[in-house]
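Welcome! Let's take a short tour of a protein model, looking at a pair of side chains and then at a helix.

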Amino acid sequence: MTDISFLKREDYLEWPEYFMAVAFLSAQRSKDPSSQVGACIVNQENKIVGIGYNGMPNGCDDDLLPWSRSADDPLDTKYPYVCHAELNAIMNKNSADVKGCIMYVALFPCNECAKLIIQAGLKEVVYLSDKYHDTPEMTASRRLLNLAGIQYREDIFLLGKLFDDVNSRYHVSHCFLLLPAKKVMLIGLLWDTHSIHNNYYLKYYID
């Protein structure tokens with residue numbers, strides 16, 4: 001009989017799960033009250049070469065800039081000022097370049113981030129949600145990525161890990177916690193397993 005103490009663990013995180021979890025953990029550094037997004041760039045050797053999250057530019061006091069999503073004056077919203085997670089991950093790279101790398105990011109990148117991804121030479125984008133799919137920015141983003149030959153795919157490994165025990169009141173699988181009413185807490189973020197595009201940024205949900 002084989003002594004199981006000499007066998008390796010079988011329930012460890014796969015690389016994609018690990019990198020997406022790093023992206024989500026990075027997102028928790030964001031000070032944005034409505035949207036916390038993180039990005040993780042990985043090279044061909046499965047080494048992390050860049051991490052970023054959405055926030056105001058370096059050297060700019062984020063207490064003096066607006067965080068609102070809407071206002072009568074567009075200059076009183078966050079949009080003219082905030083740097084997206086993808087931009088920061090590319091700028092924070094710890095290697096000479098990120099050509100041929102893969103980016104893991106919570107949200108499908110907008111058209112401005114798509115330009116940066118193309119110019120940086122990334123080969124693939126793995127995202128978890130495309131909640132703004134029908135907006136002009138995302139339509140333009142897909143067009144640019146397609147023309148540049150950059151692959152992009154939605155990774156729903158989350159759901160695969162959750163539905164192996166949906167009848168249990170509490171289910172823990174790696175860092176995913178299934179709560180009553182089929183709500184999921186992932187590193188402090190709330191997910192609705194019936195609609196992965198909703199309830200995206202609620203944090204620290206306790207039933």
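Start with the side chain of Lys31, which makes a polar contact of 3.0 Å with the side chain of Asp62. Keep in mind as you look that this model is predicted.

Where do the two partners sit? Lys31 lies in the loop between helix 1 (15-27) and strand 1 (38-42), while Asp62 belongs to the loop between strand 2 (48-53) and helix 2 (85-91).

## Buried or exposed?

Lys31 has 52% relative accessibility, so it counts as exposed, because the cut-off for exposed is over 50%. Asp62, at 18%, counts as buried, since buried means under 20%.

## The neighbours

Leaving out residues up to four places away in sequence, Lys31 touches Asp62 and Trp67. Lys31 and Trp67 are 36 residues apart in sequence, yet their C-alpha atoms are 8.8 Å apart in space.

## Helix 4 and its two sides

Now move along to helix 4 (residues 136-148). Its 13 residues reach 18 Å from first C-alpha to last, close to the 18 Å expected at 1.5 Å a residue.

Which residues of helix 4 are buried? They are Met138, Ser141, Arg142 and Leu145. Viewed down the axis of helix 4, these buried residues fall within an arc of 95°, so they line one face of the helix. Their cover includes helix 3 (111-120) and strand 5 (151-154). On the other side of helix 4, Pro136, Arg143 and Leu147 are exposed.

Just after helix 4 comes Gly149, with a positive phi of about 75°.

Terms used: Residues are numbered from 1 along each chain as its sequence is written. This is a predicted model: local features need pLDDT of at least 70, side-chain atom pairs count only at pLDDT 80 or more; totals for chains, interfaces and linings use all residues. Side-chain values use heavy atoms; hydrogens and water are left out. Helices (H or I, at least four residues) and strands (E, at least two) are DSSP runs, numbered from the N terminus. Buried means under 20% relative accessible area, exposed over 50%, partly exposed in between (1.4 Å probe, protein chains only). Contact means heavy atoms within 4.5 Å. A polar contact is a pair of N or O atoms within 3.5 Å; within protein, one must be able to donate a hydrogen and the other to accept it, and residues adjacent in sequence count only if both atoms are side-chain atoms. The expected span of a helix is 1.5 Å times one less than its number of residues. The arc is that of the directions from the helix axis to the C-beta atoms.
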